[in-house]
Structures are given as C-alpha cells and as structure tokens.
Amino acid sequence: KPHSRPRHTDTRTMLPLLLLLLPAAHGIARLRYTPVLTEEPPLGGQKTASTFVLDQPRCVFKDYGNADIWLVVALDGSRWSSAGQGASRGPCTPHQIPPHPHPLPAAESTFDNTARPGSNETAFQSFPDPVHAYMTLNATLVNYPCPKPAGDITVLRVGSETSCAEDETRPTCNGPLPGPGPYRVKFLALEGSVPVAETLWSMPIMLTEAKSPNTISTTGSGHSAGMIAITTILSILFAILLAGLVAMLVFWSSDSCSGSSTFSKPESVTVRRYNTHHVYDQPASRL
C-alpha cells in the first residue's frame, strides 16, 4: 500500500491551513448602512472648519449587543497630505480601489479592521500622517437605543474635543479635524478585539474653509468703499441735525417759561376812596 502514507501526510498538511482559513471564511458582516450628515433637525453648525455632525447609527447594530461600536475617520484618498503641510500624495491607483458604489479613501484598502483602538496604528494625534485613519467615539447599544426614545439627541459631532488634541495618552480623542478634507467615515463593531460588523464608507465630507484676511477683497462689490463714505457723511449730518433740533427745543422751552412768568404776575391795582364833600348827613335837628 504505497499510496496510503502520502495521503495521510497531505491530510495533516491541509488541516492547519483549513484552521487558518476558517476565521476568514466567517468574515465580518458588512451592513447596508451609509453614515450621513445630520439633516433633521436642521443644524446651523452641521459643518464647521474643524467639525461635522453625523446621524447616530440607531437600529444598525441591533444584532451585536455585546459589541463596542467605533467611528473610523479617514481623509479621502485624493487628498492625503502630510500633517501640517498641504503636500498631496495623489489619488489612489485603480487596483487599490475595490468594487464600491463610490470611490473609497486610501485608508479603505489599507485600514486594518483588526487594529486595536487606542494603539499607535489608530491614534488621533498621528492623523493623517503616518496614521491614515483613526478610531474614536466608542459606544455600545445602550448609547444607540432602538427605537429612538422621544426627545433623545441622536447626533454625533466629530471633532468636538479640543482638550485632548495633543494629549498622546488619549489616542481615541475626538479632536478637531486637521483640515478641510474631504473626509469619509464608517462605523465598526468589535467584540473584544474581534471585528464583527461594519457599515459602508460615507460620501466625501468637505468642511467649511475659513478665508484668509489677505484673500478678502475690499473692492469686490465695486461701490462698497463709496457706500461706506456716503453712509459716514449721512451719519454725521444726521447727528448735526439732531443736535440742532435738541438745542432748538431747549431754547423754545426756556423762552416759553420766561413768557408765562411775565403774564402770570398780576398787576397791582390801587382802589382810591373818594369823599363826596357835597353830600353829608344832616343832623336830625335840622330836619
């Protein structure tokens, strides 16, 4: 039986390989949910120069009650730049982009779902270079109840923590975003250190860019300087006119007061008593 031993050897060789492929076969669940910016209720600060507001993933991870849910933030692949500088690394090459309804960030093809939150691989303080995507805003299903209770705040503001932005002891800091982007995000559920489910990547999110004072034109409207001069002159004339009216009212008031005192003072009237010398009472003896 010359062939029995080689077959037995092949079986022993295949067994470790099958054990290695078993976790990969199980894989990670990809949920059909795309993170979106909050539209309802309307928010004035939906996007700022360093933050943006997302809807919470309510009822998305309801089958993963023991999982910790993390937000993964990545800079869009066409806008990778070194920290503190604007040098572009160029867009992703086509073979790096897997099938997806929208172009994905470079981090999508390089981000390791098994990377531990809070490690050097996912620290906010090293984003975007050398860390291409960081993990923050961890929560559980307790924080995302389904259905949403009435009156609950159901938004997440990304980039709202300024106190830990440079604190390397807090690598999961939800710090201010380092530039205008665009950014993409996804939610990732971990049970312990094992990834069990993830959402799709969001559409690109571009932040508000603050204009430099040097780029603001003072003659953009063509007549803004003239309007300022006219407004200033009219304001001065109005102030002079108002001061004149006040002075006139004060003068009239004082004049009317002095006139009323002249007429209110009664003239002294002297009543003289006259004696009629030709009329007098005759003594009764003469009658």
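Cys59 and Cys146 are joined by a disulfide (a pair of cysteine sulfur atoms within 2.5 Å), with 1.7 Å between the two sulfurs. This is a predicted model, in which local features need pLDDT of at least 70 and side-chain atom pairs count only at pLDDT 80 or more, while totals for chains, interfaces and linings use all residues. Residues are numbered from 1 along each chain as its sequence is written, and side-chain values use heavy atoms, with hydrogens and water left out.

Cys59 sits in the loop between S2 and S3 and Cys146 in the loop between S4 and S5, so this bond ties together parts that are 87 residues apart in sequence. Helices (H or I, at least four residues) and strands (E, at least two) are DSSP runs, numbered from the N terminus. The count comes to two disulfides, and with bonded cysteines counted along the chain their pattern is 1-2, 3-4. Here they are side by side.

| Disulfide | S to S distance | S-S torsion | Handedness |
|---|---|---|---|
| Cys59 and Cys146 | 1.7 Å | about 100 degrees | right-handed |
| Cys164 and Cys173 | 1.9 Å | about 75 degrees | right-handed |

For Cys59 the value is 32%, which makes it partly exposed, and Cys146 is partly exposed at 42%. The cut-offs behind these words are under 20% relative accessible area for buried, over 50% for exposed and partly exposed in between, using a 1.4 Å probe and protein chains only.

Asn174 is buried, with a relative accessible area of 2%. Not counting residues up to four places away in sequence, Asn174 touches Thr136, Leu137, Arg157, Val158, Gly159, Ser160, Glu161 and Cys164, where contact means heavy atoms within 4.5 Å. The side chain of Asn174 reaches the backbone oxygen of Arg157 at 3.0 Å.

Ser202 lies between S7 and helix H3 (224-264). Beyond its neighbours within four places in sequence, Ser202 is in contact with Thr34, Pro35, Tyr183, Arg184 and Val185.

Now to the nonpolar cores, each a set of buried Ala, Val, Leu, Ile, Met, Phe, Trp, Tyr and Cys residues joined through side-chain atoms within 4.5 Å. The largest has 31 residues, of which Phe52, Leu54, Phe61 and Val73 touch the most other members. Strands S2 (52-55), S3 (68-75), S4 (133-139), S5 (155-158), S6 (183-191) and S7 (194-198) each supply at least two residues of this core. Apart from this core lies another, of 10 residues, including Ile28, Trp70, Val72 and Ala74. Phe61, leaving aside neighbours within four places in sequence, is in contact with Leu31, Ile69, Leu141, Phe187, Ala189, Ala197 and Thr199.

Finally, a word on confidence. pLDDT, the predictor's confidence in each residue from 0 to 100, has a mean of 76 over the protein, with 63% of residues reaching 70 or more. Confidence is highest in S2, at 96, and lowest in helix H1 (residues 4-26), at a mean of 49. Over residues 16-25 pLDDT stays under 50, and the model has zero contacts beyond four places in sequence for them. Residues 80-100 also stay under 50, but there the model has 35 such contacts. Where pLDDT is low, the predicted coordinates should not be read in detail.

Conventions. Polar contact = N/O pair within 3.5 Å; in protein donor to acceptor, adjacent residues only side chain to side chain.
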